[in-house]
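This briefing covers helix packing, the nonpolar core and a few individual residues. Please read it beside the sequence and the 3D view.

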Amino acid sequence: MNITVDRKIYSDICISKTVYALSKDICCQRHINDDIETIEVESQSDTLTDDMTVKLFWQTLNDYKNREIIATETKEIRILLYAKAFADCDTFDENID
């Protein structure tokens with residue numbers, strides 16, 4: 001069965017992470033045509049029906065999309081926290097034995 005994904009909404013990273021995360025249960029072949037990606041999906045598990053496979057794919061893809069959004073929105077906060085955490089490390093030595 002084929003799943004069509006709009007690459008303007010879902011990045012290549014999200015799609016790649018989804019395909020990898022599901023690689024134990026689902027075999028995927030990706031075909032890219034401009035901003036549309038068609039993914040041929042085949043279940044490798046006897047317990048997954050076609051409907052369950054599609055649902056699992058979209059749940060996982062949306063999970064990685066949400067993670068990407070959160071990482072983007074919190075990037076500046078994380079940078080500030082790292083800077084504050086290491087601001088008093090004047091004695092930093094790369095050659096610690």
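The points below are grouped by topic, after a short note on the model.

This is a predicted model, in which local features need pLDDT of at least 70 and side-chain atom pairs count only at pLDDT 80 or more, while totals for chains, interfaces and linings use all residues. Residues are numbered from 1 along each chain as its sequence is written, and side-chain values use heavy atoms, with hydrogens and water left out. Helices (H or I, at least four residues) and strands (E, at least two) are DSSP runs, numbered from the N terminus.

**Helix packing**

- Helix H1 (residues 12-21) and helix H2 (residues 50-73) have axes that come within 9 Å and cross at roughly 135°; axes are lines fitted to C-alpha atoms, for helices over the stretch in contact, and angles run from 0 to 180 degrees between N-to-C directions.
- That angle makes H1 oblique to H2, since angles under 35 degrees count as roughly parallel, over 145 as roughly antiparallel, 65 to 115 as roughly perpendicular and the rest as oblique.
- The crossing of H1 and H2 is right-handed; this term applies if the near helix is turned clockwise from the far one by less than a right angle, and left-handed applies if anticlockwise.
- On the H1 side, the contact (heavy atoms within 4.5 Å) is made by Cys14, Ile15, Lys17, Thr18, Val19 and Ala21.
- On the H2 side, the contact is made by Phe57, Thr60, Leu61, Tyr64, Lys65 and Glu68.
- The residues of this contact divide into 7 nonpolar, 2 polar and 3 charged, where Ala, Val, Leu, Ile, Met, Phe, Trp, Tyr, Cys and Pro count as nonpolar, Asp, Glu, Lys and Arg as charged, and the others, Gly among them, as polar.

**Nonpolar core**

- The largest nonpolar core has 13 residues; such a core is a set of buried Ala, Val, Leu, Ile, Met, Phe, Trp, Tyr and Cys residues joined through side-chain atoms within 4.5 Å.
- Val5, Ile15, Ile39, Phe57 and Leu61 have the most contacts inside this core.
- Strand E1 (2-6), H1, strand E3 (36-43) and H2 are the elements that give two or more residues to this core, and H1 gives the most, with 3 residues.
- Not counting residues up to four places away in sequence, Ile39 touches Met1, Asn2, Ile3, Val5, Ile15, Cys28, Gln29, Arg30 and Phe57.
- Phe57 lies in H2 and counts as buried at 0% relative accessibility; buried means under 20% relative accessible area, exposed over 50% and partly exposed in between (1.4 Å probe, protein chains only).
- Beyond four places in sequence, Phe57 touches Ile3, Val5, Thr18, Val19, Leu22 and Ile39.

**Buried threonines**

- Thr18, in H1, is buried at 0% relative accessibility.
- With neighbours within four places in sequence left aside, Thr18 is in contact with Phe57, Thr60, Leu61 and Tyr64.
- Thr53 sits in H2 and is buried, with a relative accessibility of 0%.
- The residues that Thr53 touches, not counting those up to four places away in sequence, are Met1, Ile26, Val41, Ser43 and Leu48.

**Exposed loop residues**

- Asp34 is found in the loop between strand E2 (26-33) and E3, and is exposed with a relative accessible area of 67%.
- Although Asp34 is not a glycine, its phi is positive at about 55°.
- Thr47 is in the loop between E3 and H2 and counts as exposed at 62% relative accessibility.

**Separations in sequence and space**

- Lys65, in H2, is 54 residues from Ser11 in sequence, and their C-alpha atoms are 7.9 Å apart.
- Leaving aside neighbours within four places in sequence, Lys65 is in contact with Ile9, Tyr10 and Cys14.
- Thr47 and Trp58 are 11 residues apart in sequence and 18 Å apart in space, C-alpha to C-alpha.
- Phe57 and Thr47 are 10 residues apart along the chain, with their C-alpha atoms separated by 15 Å.
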